[in-house]
Protein chains: 2
Amino acid sequence: MNQRRPFQRAGEEARRTALIEATLDLIAEGGPQAATVRAIALRAGVTPGLIRHYFATKEDLVAAAHETLMTGLTEASAARLDDLPDDPLARLAGFVANAVSPPVTDPRAVALWAASMQLVPRDAAMRKVHEATYLGFRDRLQGMIADALTAAGRRDEDTRALAIAGNALLDGLWIEAGALPDHFQANELKSIAIKAFSRLLDLKLPEV
Amino acid sequence: MNQRRPFQRAGEEARRTALIEATLDLIAEGGPQAATVRAIALRAGVTPGLIRHYFATKEDLVAAAHETLMTGLTEASAARLDDLPDDPLARLAGFVANAVSPPVTDPRAVALWAASMQLVPRDAAMRKVHEATYLGFRDRLQGMIADALTAAGRRDEDTRALAIAGNALLDGLWIEAGALPDHFQANELKSIAIKAFSRLLDLKLPEV
DNA sequence: TGAGTAATTATGCAAGCGTATAATTACTTA
DNA sequence: TAAGTAATTATACGCTTGCATAATTACTCA
């Protein structure tokens with residue numbers, strides 16, 4: 001007779017986060033269809049039945065995973081701000097360069113983002129999260145743009161329009177960097193982003 | 001005995017497009033997992049077996065649907081371009097404006113695009129289509145940028161970098177227009193895109 | 001230290017999936 | 001109008017899926 005598999009008990013929180021992490025890993029690697037209960041359990045080092053013990057349905061687990069992902073992205077983006085220099089121009093340049101360089105550009109992150117984007121049009125909760133994340137990022141960018149322009153003695157610029165455009169530019173570059181990583185040389189996107197922002201704002205941003 | 005279901009023959013092209021349209025509708029409404037062979041056949045008014053007759057695998061059908069979607073979007077951006085004057089600046093402005101206006105900007109299209117983006121990193125057929133349509137759009141944009149710069153007597157510009165940046169800008173605006181349609185006033189994105197391109201190229205593009 | 005219990009594993013099931021293949025039918029054409 | 005054929009339907013198979021439930025085991029604490 002086969003031995004019954006030995007196990008150790010783990011706290012509820014540890015098991016929940018392990019299951020959520022396994023779910024995110026699998027979605028990033030193989031898309032939502034790869035995140036089956038059996039695959040998730042295997043990755044998390046448990047057996048499938050345990051999922052039912054912590055999440056009523058698989059849908060609940062996926063929803064919890066999305067929430068974890070989004071709050072994680074927001075916090076990560078906020079944390080990077082503290083490392084940037086104080087000079088407004090250099091600060092903006094650093095922010096722009098970060099946004100299109102590893103580890104921000106990352107196929108895993110892009111894949112997960114695409115998975116959640118797909119839900120945005122038909123899921124109100126996802127739309128709300130997306131809205132908050134998008135506006136949060138854009139507002140930060142707008143603040144830096146305003147500071148940089150002010151430092152250069154420029155007034156009466158439409159910083160909202162510039163932030164929308166700048167945010168779109170970074171989004172587009174970030175996506176293509178993740179989707180077609182082989183199409184761009186190392187640092188090419190960073191250089192393109194800095195030059196594009198320089199022209200967009202009519203300011204000379206320093207290369208980083 | 002149940003009657004065997006009566007049917008009419010339709011041309012190969014009609015059936016293929018019907019199946020592709022059904023696939024796109026289902027993915028847009030319920031995500032990729034909603035596009036099962038049975039659901040697709042039902043929506044297209046045929047029985048599941050017929051799919052096999054026109055597409056070797058379901059994967060082939062999905063890839064064909066993706067190609068139809070993306071080339072359709074590119075065509076829509078280029079549409080009515082021929083009506084515009086030959087002036088390179090006006091042509092570029094029209095192209096840019098179209099790319100961020102209905103019907104190109106469309107929540108359904110964005111949802112479909114997000115769904116396909118998930119498949120791109122790991123499905124060779126999807127990646128090929130994505131590369132081709134991405135580069136097709138970008139090359140078109142690059143050609144127009146080059147024409148506009150040449151007409152303005154400008155040389156030695158890095159049109160590749162400008163096209164990458166311009167393409168990213170349009171992509172980003174297009175995505176947000178589809179994901180958060182209520183956040184932008186009518187024509188706001190169009191105006192932002194034109195102004196951003198004017199600065200990016202250091203050319204005065206006419207509002208359309 | 002031993003009984004109780006919650007965590008975990010193990011097993012099984014019904015439904016849905018993609019796909020292979022056979023049977024039929026609408027249409028073409030000679 | 002009859003024969004041939006390509007289009008279409010019908011059926012079935014093997015897998016995988018999410019989930020329910022029973023069996024077992026690690027841990028707790030009186």
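The interface of chain B and chain A holds four salt bridges by the rule, each a side-chain nitrogen of Lys or Arg within 4 Å of a carboxyl oxygen of Asp or Glu. The model is predicted: local features need pLDDT of at least 70, side-chain atom pairs count only at pLDDT 80 or more, and totals for chains, interfaces and linings use all residues. Residues are numbered from 1 along each chain as its sequence is written, chains are lettered from A and ligands numbered from 1 in the order in which they are written, and side-chain values use heavy atoms, with hydrogens and water left out.

One salt bridge joins the side chains of A:Arg160 and B:Glu188, at 2.7 Å from N to O. B:Glu188 sits in helix H9 (residues 188–201) of chain B. Helices here are DSSP runs (H or I, at least four residues), numbered from the N terminus. Is B:Glu188 buried or exposed? B:Glu188 has a relative accessible area of 16% and is therefore buried. The cut-offs are under 20% for buried and over 50% for exposed, with partly exposed in between (1.4 Å probe, protein chains only). Leaving out residues up to four places away in sequence, B:Glu188 touches A:Arg160, A:Ile164 and B:His183. Contact means heavy atoms within 4.5 Å.

Now take the whole interface. Chain B brings 47 residues into contact with 48 residues of chain A. The two chains bury about 3,600 Å² between them, 65% of it on carbon and sulfur atoms. Buried area is the accessible area (1.4 Å probe) lost when two parts are put together, summed over both. B:Gln118, B:Arg122 and B:Arg199 supply 18% of the area that chain B buries against chain A, more than any other three residues.

Nine residue pairs make polar contact across this interface, both residues at pLDDT 80 or more. A polar contact is a pair of N or O atoms within 3.5 Å; within protein, one must be able to donate a hydrogen and the other to accept it, and residues adjacent in sequence count only if both atoms are side-chain atoms. On the side of chain B that touches chain A, H8(B) gives the most, with 13 residues. That side divides into 30 nonpolar, six polar and 11 charged residues. Ala, Val, Leu, Ile, Met, Phe, Trp, Tyr, Cys and Pro count as nonpolar, Asp, Glu, Lys and Arg as charged, and the others, Gly among them, as polar.

Next, the DNA. A residue is near a strand if one of its heavy atoms lies within 4 Å of it. A polar side-chain atom of A:Arg52 is 2.5 Å from a phosphate oxygen of DNA strand D. An N or O atom in the side chain of B:Arg9 lies 2.5 Å from a base nitrogen of DNA strand D. H3(B) gives the most to the surface near DNA strand D, with four residues.

Which residues are closest to DNA strand C? They are A:Arg4, A:Arg9, A:Arg15, B:Arg9 and B:Arg52, among 23 that surround DNA strand C. Sugar and phosphate make up 67% of the atoms of DNA strand C within 4 Å of the protein. B:Arg9 places a polar side-chain atom 2.4 Å from a base nitrogen of DNA strand C. B:Arg52 has a polar side-chain atom 2.4 Å from a phosphate oxygen of DNA strand C. H3(A) gives the most to the surface near DNA strand C, with four residues.

Methods: Helices (H or I, at least four residues) and strands (E, at least two) are DSSP runs, numbered from the N terminus.
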